[in-house]
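Reader: Hi! Could we go through this one together?
Author: Happy to, let's have a look.

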Amino acid sequence: MWDTSTCTVTGSLKGHDEIVSTFVFGNSLATEDLVITGSLDRTIRIWQGTTCKSVLKDHSDWIRCLALTNDNERFLSGCVSASIVLWDLATNKPLIKYTQEQQANVLNTVNSVQFMNYNSNIFASGSRDGVIRLYDARDATVKPTCSFLAHVKNNIPAKLNDAYFTSNDVYMISSGRDSAIRMWDLRKLTSNNSETTSIINT
């Protein structure tokens with residue numbers, strides 16, 4: 001933990017046994033000392049300042065990504081073996097578990113999860129198969145409401161690194177291992193259909 005005004009360390013969060021792969025902060029002044037961390041030790045830790053309050057062990061594989069709702073009530077975790085868990089932050093209990101499609105014996109790592117800003121029931125995941133999937137937590141089928149291949153290289157799906165909603169939830173930005181950043185117009189998406197509105201090659 002750093003004091004940005006003096007560039008000095010104010011404390012350290014110690015407890016994970018493996019690489020810390022992801023973390024998120026609380027989204028308000030009232031929760032500015034809330035930190036959620038994920039690790040290759042397959043655990044998620046909930047911190048208040050530098051004090052670990054809870055250790056969650058529901059994932060059976062490396063944790064790759066986390067996301068927190070703007071109201072700090074729920075959070076998402078994604079892991080290497082294609083699973084996503086929606087959590088209740090007040091109880092630290094899993095609410096819903098999602099399993100993404102994957103080929104036999106091929107890990108489809110969930111590399112990115114992100115809530116919409118104005119509707120915390122809607123979230124997106126981005127994964128190793130290059131696909132962005134949109135979910136509605138109110139949907140009892142526990143299946144994506146929409147999915148589309150976002151990144152391709154040499155006619156082969158390219159790994160997706162990150163996918164984020166813009167602040168107004170109208171667009172989504174994604175990056176992948178096809179050396180591209182893409183902007184998607186969510187107003188034009190239908191089930192398993194998509195339209196790229198902008199491509200920036202890097």
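Reader: Which side chain does the side chain of H59 make a polar contact with?
Author: That would be the side chain of S77, at 2.7 Å. A polar contact is a pair of N or O atoms within 3.5 Å; within protein, one must be able to donate a hydrogen and the other to accept it, and residues adjacent in sequence count only if both atoms are side-chain atoms. Bear in mind that this is a predicted model, where local features need pLDDT of at least 70, side-chain atom pairs count only at pLDDT 80 or more, and totals for chains, interfaces and linings use all residues. Residues are numbered from 1 along each chain as its sequence is written, and side-chain values use heavy atoms, with hydrogens and water left out.

Reader: Is H59 buried or exposed?
Author: H59 is buried, with a relative accessible area of 6%. Buried means under 20% relative accessible area, exposed over 50%, and partly exposed in between (1.4 Å probe, protein chains only).

Reader: And where is H59 placed?
Author: In the loop between β6 (51-56) and β7 (63-68). Strands here are DSSP runs (E, at least two residues), numbered from the N terminus.

Reader: Which salt bridge does D58 form?
Author: The side chain of D58 pairs with that of K97, at 3.8 Å from N to O. The rule is a side-chain nitrogen of Lys or Arg within 4 Å of a carboxyl oxygen of Asp or Glu. D58 lies in the loop between β6 and β7 and K97 in strand β10 (residues 93-99), so the pair ties together parts that are 39 residues apart in sequence. D58 is partly exposed, at 38% relative accessible area.

Reader: How many salt bridges does the count come to?
Author: Five by this rule. Another one of them joins D178 and R182, with the closest N and O atoms 2.5 Å apart; both D178 and R182 are buried.

Reader: Changing topic: which residues touch the most other members of the largest nonpolar core?
Author: I132, L134, F148, F165 and M172, out of 15 residues in that core. Such a core is a set of buried Ala, Val, Leu, Ile, Met, Phe, Trp, Tyr and Cys residues joined through side-chain atoms within 4.5 Å.

Reader: Which strand gives the most to this core?
Author: β17, with three residues. There is also a second, separate core of 14 residues, including I44 and C79.

Technical notes:
Helices (H or I, at least four residues) and strands (E, at least two) are DSSP runs, numbered from the N terminus.
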